[in-house]
Amino acid sequence: MKDKFVLLLFVLAFIYACESTDQKPVYTLWYEQPAQYFEETLVMGNGKMGASIFGGTAIDSLFINDITLWSGEPVNPNMNPDAHQHIPAIRAALENEDYRLADSLNRFIQGSFSQSYAPLGTLYFEYDHDQSAVQSYKRSLNISDASSEVSYQVNETKYSRKYFISHPDQVMAIQLKSEQANLLNFTIRFSSLLKYESTKERNTLKIEGYAPYHAEPNYRGNIENPVRFDKNRGTRFSHYISIKNTDGEVSMSDSSITLSNSSQAEILVSVATSFNGFDKNPAREGKDNRKMAAEQLAKASSQSFDQLLDQHTQDYQSYFDRLSFQLQSQDTLDLPTDQRLKRYFNGNPDQGLEELYFHFGRYLLISSSRTPEVPANLQGLWNPYLRPPWSSNYTVNINVEENYWLAEVANLSELHLPLLSFIENLAKTGKVTAETFYGINRGWVTAHNTDIWAMTNPVGDFGKGHPVWANWNMGGVWLSTHLWEHYAFTQDRNFLSEKAYPLMKGAAEFCLDWMIQDQDGFWITSPSTSPENLYLLENGYRGATLYGATADLAMIRELFAQTIRASKILEIDEAFRDTLSQRLDQMYPYQIGDAGHLQEWYHDWADADPQHRHQSHLFGLYPGHHISPKLTPDLAKACENTLNVKGDKSTGWSQGWRINLWARLKDGNRAHKLYQELLSYVDPSGLKTTYSKGGGTYPNLLDAHPPFQIDGNFGGAAGVLEMLIHSTENSIQLLPAIPDSWSSGQVSGVKARGGFELSFKWENRQVHELKIWSKRDARTNLIFNGKEREVQVKANEEKLVEL
């Protein structure tokens, strides 16, 4: 009998163990102390409203943002109507190989700088705790359900806080509790770098304010009057804070809410702005921000905290739970995230941290990209500065695109739409820019920087900017490839016909008319630059302006090929398609330099900085598709040689790009090495790490350029999936660049081009279980375990593939 009982216990334990391994992992960032720096805060968002939470015990500061709150007003795209008249002189200088003169003349092809993403303000919760008695502190961010918590003890009393920001209800909700009665006491205050006034109304503190109508970029230094306010101009904002469900005493002033002798309270925060589109004046034609903020607050106030939480959780998890990625069955390392990051930085393996960082990238995209026509910016959604780094704008020569490399393959296609709809705005202002800056009457163009107002001109303040960063004009070309990628993954023919193809065609038309022929009859761009890099001539001159930059031609090749393919699918524009095909055949070919590298410049010139952070001339390898080890082995080898010269250490976003490039080269171990280095610990105080170039990860897992830029988070997460799956319209390769250290694992819900969704497990770097699904009847070639197999899938039926 005793033996049977022991056997029963063993069986039950075995069943429990099996069930526990099948449980969905919960991914959490957690810390044993409050944040001191922004780069330690826990960031939350619903795609429009954002908060960065410090979690202090004396003062809990919450930086508040709204993704539609920017400086500025609708841009005048006709700001430099005669700029195009200088193009012939620049081309003549280039034809005469006078690059110094070309750089000088290129400054005439410049306009205003972009505007800046603005901070709404800071909420302060001031507590009356005896700070010397605070103990057992913990703050956490659960990215599996997008909620944050703080807990600690003061003397014998335990305190807790819970935060979330709801997309369905468009409010932030905070629940505060103390275990003992009458011991929860605090005051809420608000401050802002913007102009504002506050008033009280019942249990609600109402803040009304406005953003500046102009803000100079931070890199312009201490120029006169850099931030300009006018009460009759600029975007309006409303920020309402309400207290409810408390057993304490509430007292109000026009600038604060105070709660006394309580054990619980709930705080609701509602935010709205007057932004009404890129072409509407936010002061005169704006939305009614006061009405929207009040309605959001009223609707949320009619529901319980648990109801709000349940709706928020269901909404968030409808995105987050689509995909899973695991390298281990269970994460057994129970360490605070900052300590874990330092441990990893010192060379200790941690697959749980590698998983967490990947899923954190998905969390950030869900949290920052859900507002139509307003994509995630350089800082995503989270910015505390009035003049933030690089204006926290949309930098179109890599950064905003890198933000969205993750979207399609990670099964978050809807979150790509804010960028794709923003492109429609750019095409409208970009048509004027094409005419006035370049003398091109067909199509549209976008330069290096843009903002919420869809500015498309080259920046530089009308000649004060160096062409190396001011004059690049292939932004519309690069962005248009995202339109095709959305179709490739979704197979949404209506999107291709109604949205994507007209925009792609417009970008292609600009390129057709902008290109000229070189002395050998090849089509090139002139003038051109290679993003933010300089060449070095034999006479010592460091220049930016040239003809036929490889990056320009790579992006045009990709756009033309995709536009041709779209035209064939839609069975339209045969004559235009033929024109593109002919131009493709006649473009200046890629050149491999004497050192075996892919030339960045038309000639085999030296780089002023051989290890420069940008690698735009490798676009055809990634994110493009026309260079690959299989299709173009010589060019792929030249890309590899280029990357070896550049090295591995760089800025955060650049390392994110290089992870994907090495994955496309099928070198998983090198890609993983860069992924490890992307997770290099960067001290938020500004102290240098042993990581010479400075890029890496802050304690809150945000990417360090430095400073914080969100693109590295997204690029790194995209790189994980690029190691696991590579797809084209007709084929899907599994584990194309799996590193040795990831010898086993599993992924489910990952998307592939052609409209497929896959789930698979692997052991010893070999796929041993594989399922594939599609919305429609479809076929593809699966490449795995050293073999290739054609697979047919019936609509909405998951197929278990025989291995």
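**Terms and their grounds**

Modeller: The crossing of α10 and α12 is left-handed. The model is predicted, with local features requiring pLDDT of at least 70, side-chain atom pairs counting only at pLDDT 80 or more, and totals for chains, interfaces and linings using all residues. Residues are numbered from 1 along each chain as its sequence is written, and side-chain values use heavy atoms, leaving out hydrogens and water.

Biologist: What makes the crossing of α10 and α12 left-handed?

Modeller: The term requires the near helix to be turned anticlockwise from the far one by less than a right angle (clockwise would be right-handed). The crossing of α10 and α12 is assigned to the left-handed class. The elements themselves are DSSP runs numbered from the N terminus (helices, H or I, at least four residues; strands, E, at least two).

Biologist: Why are α10 and α12 called oblique to each other?

Modeller: Helix α10 (residues 417-438) packs against α12 at about 135 degrees, with the axes 10 Å apart. Angles under 35 degrees are roughly parallel, over 145 roughly antiparallel, 65 to 115 roughly perpendicular and the rest oblique. The pair α10 and α12 is therefore oblique.

Biologist: Which residues make the contact of α10 with α12?

Modeller: On α10 they are L417, L419, L420, I423 and L426, and on α12 they are L479, H482, L483 and H486 (contact means heavy atoms within 4.5 Å). By class, 7 are nonpolar, 2 polar and none charged.

Biologist: How do you know that α12 is roughly antiparallel to α13?

Modeller: Helix α12 (residues 475-490) and helix α13 (residues 493-514) pack at about 155 degrees, their axes 9 Å apart. That angle makes α12 roughly antiparallel to α13. The crossing of α12 and α13 is left-handed. In the contact, G476, V477, S480, L483, W484, H486 and Y487 of α12 meet R493, F495, L496, A500, L503, M504, A507 and C511 of α13. The contact of α12 with α13 has 11 nonpolar, 3 polar and 1 charged residues.

Biologist: Why is the pair of F38 and F708 called tilted?

Modeller: The structure holds 41 aromatic pairs. One of them, F38 with F708, has 5.9 Å centre to centre and 50 degrees between the planes. Ring centres must lie within 6.5 Å, and planes under 30 degrees apart are stacked, over 60 edge-to-face and the rest tilted. F38 is in the loop between β1 (28-31) and β2 (42-45) and F708 in the loop between β28 (703-704) and α19 (711-724), so the pair ties together parts 670 residues apart in sequence.

Biologist: What makes β19 and β36 edge strands?

Modeller: The open sheet runs in the order β19-β31-β32-β33-β36, with antiparallel pairing. β19 (324-326) and β36 (799-800) each pair on one side only; pairing needs at least two bridges by DSSP. Strand β31 (residues 745-752) and strand β32 (residues 756-763) have 7 bridges and are antiparallel, with V750 having L758 in β32 as its bridge partner.

Biologist: Where are the cis peptide bonds at P623 and P707?

Modeller: Y622 and P623 are joined by a cis bond with omega of about 10 degrees, and P623 lies in the loop between β26 (606-607) and α16 (633-646). From P706 to P707 the bond is cis with omega near 0 degrees; P707 is in the loop between β28 and α19.

Definitions and conventions: Axes fitted to C-alpha atoms, helices over the stretch in contact; angles between N-to-C directions. Nonpolar A, V, L, I, M, F, W, Y, C, P; charged D, E, K, R; others polar. Phe/Tyr/Trp six-rings, centres within 6.5 Å; stacked < 30°, edge-to-face > 60°.
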